[in-house]
Amino acid sequence: MYRIGEAEVQRIRKLIQSGRIFRYGHGGECDQFESDWADHVGAKYARMARNGTSAIYTSLVGLGVGPGDQVIVPAYTYMATALAVLAAGAIPVIADVDDSLTLSPDDVERRITSHTKAIIPVHMVGLPCDMGRIMRIARKHKLVVVEDACQAVGGGYKGKKLGSIGHAGAYSFNFFKNITCGEGGAFVTKSKAVYDRGSVAVDCCSFYWDEQPNQSREELQFAGNNFRASEFEGAILNAQLSRLEPMLKKMRTQKKRLLKAGEKAGLTSITNHSLDHECGTHAGFLFADEASARAFSNGLKERGVGNFLPMDTGRHVYTRWEPIMREQGAHHPALDPFKIPANRKCKVKYTHDMCATSLDILSRAVLVGTHPDAKPQRMREMVQAIGDVGPESVG
C-alpha cells in the first residue's frame, strides 16, 4: 500500500450516513468505480470481484474456458494464477519467463498443443509482458488472452493500459497493490458476452439484481459463485483512483534514475518492454550468477536499500505451487480437473526442473523497489548505493 487516509475516511463516512451499503439498486460506489475503471483502462466493461484470484477465474469463465482446455501460465507468478485455471476446470501449463521476468513468447509457442485454449500473461511486479508478440501468437493459434495485471494496476504497454489489450484483464486491489481497498479485484473486457458470463461467475444472481434483459437468458442462469464486491470497497477505491496516475508517474521517473545509476555502475538491466508506460515499481538487474546477485543484494541491504531476488518470493515461483505439483486440483476427486475424464488428454507432467531457464533467471535477478513518497535525499542515497555496490558485484 502506498497511500490511504482522510479522503477514504470521508468517503466511508458518507456511505454509512447514506444507509445504502448494498451494492445494487441505487447506482452506488461499486457502479461508479466499475464505470470509471473501465474508462481509465480503455475497456468497455468492468466488474468488481472479491480479489485478483476471483477476477482471473471469472475472466476465464466469461471466455468459456473449462474442462478439456489447457491454459498457459508463467513460471513466475503468484500461485493463484494457476489455481484460477483449475477453478475453471482447465489444466495449467507452465511456461518459462525470459529476462524480462515475464512470460517468454518463445516458450509459449513451444508449449501450445491442440488442447490449448488460453494464455495468461502476468505483468509481474509492475513489469509488462511483451504483449505485441503474445497477441500475435494468440491470433495465429486462435487463442484467448487473459491479462493478469494484479501486480500492475494502472500500468501500460506502448500507450495501452495493461488488462485492456487481451480479451479480458484481471486486477487485484489488495493491501500490496498500487491502489487498495484492503482486499478486492475486478475484471475488464470489451466483449458484452464475456462480461455477462463473467458477471454470473462473480455473482450468481447478477442477472436478477441488474434488472436487464439477461433475466430471460437461460444460458446465463448457470450456478455461479458469490464474489460480490462491497460498497465499502467501492468507496475506498473511488477515493484512491485519482492518486494512481501521479504516483505511477513519479515511480517511472525514479525507476529510470535507478536504471541509469546501474548502467553507470556496469550493471545489466532486465528487459523492460515499455519504460514510458509501465508502473515503474521495480528496477531490475541481471547478474552472471546467483552469487553475484546475492552479493549485490546484500550490499544494498547493508546500505539500507530494500531489494529482493525473485527466487526468494515463495509461492511466486512454480516449484512452490504444492497443489499444482502434487496434482491436488480440488477438495473432492470428482471435481478435480486433474482427475476428470474431460482432461485426460490435457494433462502435463509437472517436475521441479521443467522450467529450468526460469529458475536460473530468477536466481540471478535483483529487484529494487521505488516509492511515490520517496524524498530526493532518499533517491540520492539509493543511487549512491547502486553506484558503490554495483562495480563490486560485476567486477
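Mentor: We will take the labels one at a time. Keep in mind that this is a predicted model.

Trainee: What makes E1 and E3 the edge strands?

Mentor: Start with the order. The open sheet has 7 strands, running E1-E9-E8-E5-E4-E2-E3, with mixed pairing. Strand E1 (45-49) and strand E3 (91-95) each pair on one side only. The average twist from one strand to the next is 25 degrees.

Trainee: How do you know that E2 pairs with E3?

Mentor: Count bridges. Pairing needs at least two bridges. Strand E2 (residues 70-74) and E3 are joined by 5, and they run parallel. Val 73, for example, has Ile 94 in E3 as its bridge partner.

Trainee: What about E4 and E5: how many bridges join them?

Mentor: There are 2 bridges between E4 and strand E5 (residues 144-148). The cut-off is at least two, so E4 and E5 count as a pair, and they run parallel. Ile 72 has Ile 119 in E4 as its partner.

Trainee: Why is H7 called largely enclosed?

Mentor: Of its 11 residues, 8 are buried, so the rest of the structure largely encloses H7. Among the buried ones are Val 194, Tyr 195 and Gly 198. The buried residues of H7 pack against E1, H3, E9 and helix H8 (206-209).

Trainee: What makes Ser 191 a cap for H7?

Mentor: Look at the distance. A side-chain oxygen of Ser 191 lies 3.3 Å from the backbone nitrogen of Ala 193. A polar contact must be within 3.5 Å, so this one qualifies. Ser 191 caps the N-terminal end of H7.

Trainee: Which residues touch the most other members of the largest nonpolar core?

Mentor: Ile 94, Leu 101, Ile 120 and Tyr 318 do, in a core of 57 residues. Helix H3 (residues 52-62) gives the largest share, 5 residues. Apart from that core lies another, of 48 residues, including Met 135 and Ile 179.

Trainee: Why is the pair of Trp 37 and Phe 173 called edge-to-face?

Mentor: Their planes are 85 degrees apart, and the centres are 5.7 Å apart. Rings pair if the centres lie within 6.5 Å, and planes over 60 degrees apart count as edge-to-face. Both tests are passed. Trp 37 lies in helix H2 (residues 29-41) and Phe 173 in the loop between strand E8 (168-172) and E9, so the pair ties together parts 136 residues apart in sequence. Both residues are buried. They also belong to one aromatic cluster with Phe 33 and Tyr 171.

Trainee: What angle and distance make Tyr 57 and Phe 227 an edge-to-face pair?

Mentor: The planes make 85 degrees, with 6.0 Å centre to centre. Tyr 57 is in helix H3 and Phe 227 in the loop between H8 and helix H9 (231-264), so this pair ties together parts 170 residues apart in sequence.

Trainee: Is Tyr 57 buried or exposed?

Mentor: Buried means under 20%. Tyr 57 has 14% relative accessibility, so it counts as buried.

Trainee: Why is Phe 227 called partly exposed?

Mentor: Its relative accessible area is 22%. Buried needs under 20% and exposed needs over 50%, so a value in between is partly exposed.

Key: Residues are numbered from 1 along each chain as its sequence is written. This is a predicted model: local features need pLDDT of at least 70, side-chain atom pairs count only at pLDDT 80 or more; totals for chains, interfaces and linings use all residues. Side-chain values use heavy atoms; hydrogens and water are left out. Helices (H or I, at least four residues) and strands (E, at least two) are DSSP runs, numbered from the N terminus. Axes are lines fitted to C-alpha atoms, for helices over the stretch in contact, and angles run from 0 to 180 degrees between N-to-C directions. A nonpolar core is a set of buried Ala, Val, Leu, Ile, Met, Phe, Trp, Tyr and Cys residues joined through side-chain atoms within 4.5 Å. Buried means under 20% relative accessible area, exposed over 50%, partly exposed in between (1.4 Å probe, protein chains only). Contact means heavy atoms within 4.5 Å. A polar contact is a pair of N or O atoms within 3.5 Å; within protein, one must be able to donate a hydrogen and the other to accept it, and residues adjacent in sequence count only if both atoms are side-chain atoms. Rings of Phe, Tyr and Trp (its six-membered ring) pair if their centres lie within 6.5 Å; planes under 30 degrees apart count as stacked, over 60 as edge-to-face and the rest as tilted.
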